[in-house]
Amino acid sequence: MSETPPEQGPFERDGQLDKPGIVGARWWQQGLAAPAGDPVTRRSALGTVLGVGIALAGVGAFLALATSGNDGDDDSGPAPSQAAKPLLELQRDFGWDFSARGEALVFDGVTQTTWDESSMSRMSVDLSPGNSAHRPFYVPTLFQSPTAMPAKTAEVDGSATFVPLFKSLKPNKTPQMDVAFARGRALGATLADHVEDVAIIVDLPGPESVAFAAGLAGMFDPVFLFDNWPHPRGAVRAHRTLSAALYYQPLFAKRKKDTSLRPPVFVLDRDRLVTVNETTEFDNRWVAKLPTASQLKRLAKRVLYVTPQSTDTTERDDLVDEFVSYDSAGIEVRMLGADAFGSTSGEGLALAGETSAPPAYTYGGLTESNAFFFVDYPWWPAAPKPPTKVSNSVPNSARSFKPKPRVSEYSTGQAKPPSTHPRPATFGTVPVMVAVGTGVVLGWRHHRNGSWNRVGSGGGYGGG
Amino acid sequence: MQHSIFALEVCAPYQAGSALHRDLAAIVKRQTKTNGFQQKWQVYRDAAQVLHANAASFVRGCWDFFEDDERAQKDFAMWSNGMLTEEGSRRAPSGLPDPYRGDARFLTFTIALLLVQGTPTERTLAQRCVIPEQHLWNRGVFAHLLEGIAYVNFASVKGDVMYLIPRDEDWGLTEEDLRAEKFKYLRAVT
C-alpha cells in the first residue's frame, strides 16, 4: 500500500501554525484567483454574528442522525438489516472494488503506448481545465479513483488484500476512439476562427467523449464532468473511460498550457444513465452537473451539443431541464451528430508540437461539403460559404433540435425548471447489509458470500 | 467569480490523550504543503467522520452558510485570522485539569470553506444548510452538516482553513476562557 504515488494537486498552503495552543493551516487552490485580503480578525467580527445565513424549511430526518453510528469501525451486530447507500461514498470508504475484491476489470481496447505509472497521481491535475474560469465546474471524481486508498474494510472483503485501482489500469485505445479523435479535431479545425461565445458539450460513450475532447484540446478547454468511480460490476464501465483518459493524459497536460483563454468543452459519458440490474450490477450512474444558465451565460452565448448520430433528436434526460433553462436565458442550444463528420482522403489539422496529423474528417465527408457546417449552424455570418454547385448532402436531423420541456425520471417538464432536478429514488445507490445497532456496513446485499443470502429463498437475512 | 462560505466550529470537553483530540490533531498535521483534490476530500471526510462519531460530546458550536459574495470573502478572512492571529488560543498553558476540583478543559475544531458560488457543491451545501431556526444549534444539525462534507468537490473550493485548539494537552481552553467575549459566538449545543 505504501507504493501508492501521492496525488499532486493545486491546493497550496499559505499559512500554518503549529504551536502548543493551536495547530492548523490555510490553503488556496492555485489558479482560482488570488487570495482575498485579511482585513479583520475573527472573534471581534463574530461578536455579533448569529451564525447562520440560511434557515427554515423542512427539518427532515437529520435529528435522528445525531447519534447514529459511523460505518465500519466496530464489530458487526448480531442481525443485519438492509439499507441503500450511495455507491461512491461506499467506494471512497471501503475501496473502489467494494464488496467485489479480487474481481477483474474487463477492457476492450489495446494498450499502445509506454507510460509512467506514477502519472496516475497527476491525473486530476493534468486533466483539469486550463482556464481558471472553468475550473469550478470541473468534476475530478473519476480521476481521483486510481490512487485512492480505503479507510475501512467491509466484512465481505475482509480477508482479501486491497489493490489500488491504478494497478489494474493501463492506457487503452480503441478504433472508435481514433475516429472520435479525428472528428473532434475536425470540428475544432472548422471552428478555429469562430470559437468565440461557443461552448461545446460532448455526450458520446465515455472513451469516445474523451477522444473527441482530445481532438478539440488546443482549440477548446476540456472540462471533464465524470462523477463516478469504476467498479468490477459497475453498470457504467467507467474504467474504460479512465483508461482512455490515461491514454490521452500527456496530450491533455500539454494542451492545457495552451488553452488558458479557450472556450469550454464539457465532457460527459453518454452511458451515465444506463439501466441497472440491481442483483448483478452496482449502480455507479451519475448525472451531469453543468453550469447553470446564469453561469454559462458568462462563458458562452451558444452551445453545441455533440451526440453520436446525426439522427439523434433528443438530449439525455438529465440535460432536459438544464437546456430548457439555457434556452430561456437566451443561450442557443443546437445538436450536432458526431458522425456528420466523415473521413476524406488526406490529413487533418496538425497542431503545434504534433509529429503526425490525424486523418482528415470533414462535415459531410467531402472537402467541399465542410462549409455546409456554417449553413446548418448559421451562427457566424462571416464564415465561409459552400460552393454553389455542391448540394448539402449532410443528413442531419440533429441540427433541428431545440430544447423543449420533457418529463422524465430526471427532468420536470416545466418551462421554468427549478434548480434542483428529480432523480430516481435509488439512483447511484446500492443495497447493502448493515449490522443493526452499530450501523457497520457488512457488504453488498446480493454478495454471493454474504451470510444474509444463505437464509431462506425469499432474499431473507438474519445472521446466517 | 462569486463566493459563498461554509464554516463550522465545535467545542468539546478535552481530556488529555483523548482519541478525539489525537485523531483531529493527526488529521490536521497530515496535510502537506500541496494537496490534490482527493487528498483534500479525504482529510475533510476523515475529520467529519471523527467529529460525527463524537457529536454527542459537543457542548458549544457555531456554523455559517452565507451566499453573499462580500460577506463570504470577509468571513473567510475572519475564520482564517482566527487561526493566523492565534486569537482563540491561549497565550499561556492552562495546565492539566484537576479532576478533584471539577476542572475541565475544552478543545475547539474549526473548518471554513470558501466556495465558488453556483457550483453543484455549493448548491448541495446550501440545501443542506436549510435548517429551521429553532433547531440551529441542535447537535443533530451539526451531525447533519458534517455528513454533507462527503459531497464536497474540492475543485469548487477556492480556499480552506482547518485548525484545532489546543495542540498540546496542557494548553486546553478553560471554562473561563470560553466565557470571554471573544467566544460569545459559540452557542450552547442542545
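**Close-up views of a predicted two-chain model**

**View 1. Ile5(B) and Phe66(B) are bridge partners, the latter in strand 3 of chain B.** The model is predicted: local features require pLDDT of at least 70, side-chain atom pairs count only at pLDDT 80 or more, and totals for chains, interfaces and linings use all residues. Residues are numbered from 1 along each chain as its sequence is written, and chains are lettered from A and ligands numbered from 1 in the order in which they are written. Strand 1 (residues 3-13) and strand 3 of chain B pair in the antiparallel sense over 7 bridges; pairing requires that DSSP find at least two bridges between the strands. Helices (H or I, at least four residues) and strands (E, at least two) are DSSP runs, numbered from the N terminus.

**View 2. Strand 3 (residues 60-66) of chain B is mostly covered.** Of its 7 residues, 6 are buried, a residue being buried if 20 or more other C-beta atoms lie within 10 Å of its own, exposed if 12 or fewer, and partly exposed in between, with C-beta atoms placed from the backbone. Strand 3 of chain B also pairs with strand 6 (residues 187-188) of chain B, antiparallel and over 2 bridges. Here Gly61(B) has Arg187(B) as its bridge partner in strand 6.

**View 3. The largest nonpolar core holds 181 residues.** Such a core is a set of buried Ala, Val, Leu, Ile, Met, Phe, Trp, Tyr and Cys residues joined through C-beta atoms within 7 Å. The residues that touch the most other members include Phe212(A), Ile5(B) and Ala47(B). Strand 4 (residues 106-116) of chain B gives the most to this core, with 9 residues. Leaving aside residues up to four places away in sequence, Ala47(B) touches Leu24(B), Ile27(B), Ile111(B) and Met162(B); contact requires C-beta atoms, placed from the backbone, within 7 Å.

**View 4. Strand 2 of chain A and strand 5 (residues 157-165) of chain B run antiparallel, joined by 6 bridges.** Arg26(A) has Val161(B) as its bridge partner in strand 5 of chain B. The contact takes 66 residues from chain A and 86 residues from chain B. On the side of chain A that touches chain B, strand 2 of chain A gives the largest share, 8 residues. The residues of this side divide into 35 nonpolar, 18 polar and 13 charged, where Ala, Val, Leu, Ile, Met, Phe, Trp, Tyr, Cys and Pro count as nonpolar, Asp, Glu, Lys and Arg as charged, and the others, Gly among them, as polar.

How values were computed: Contact = placed C-beta atoms within 7 Å.
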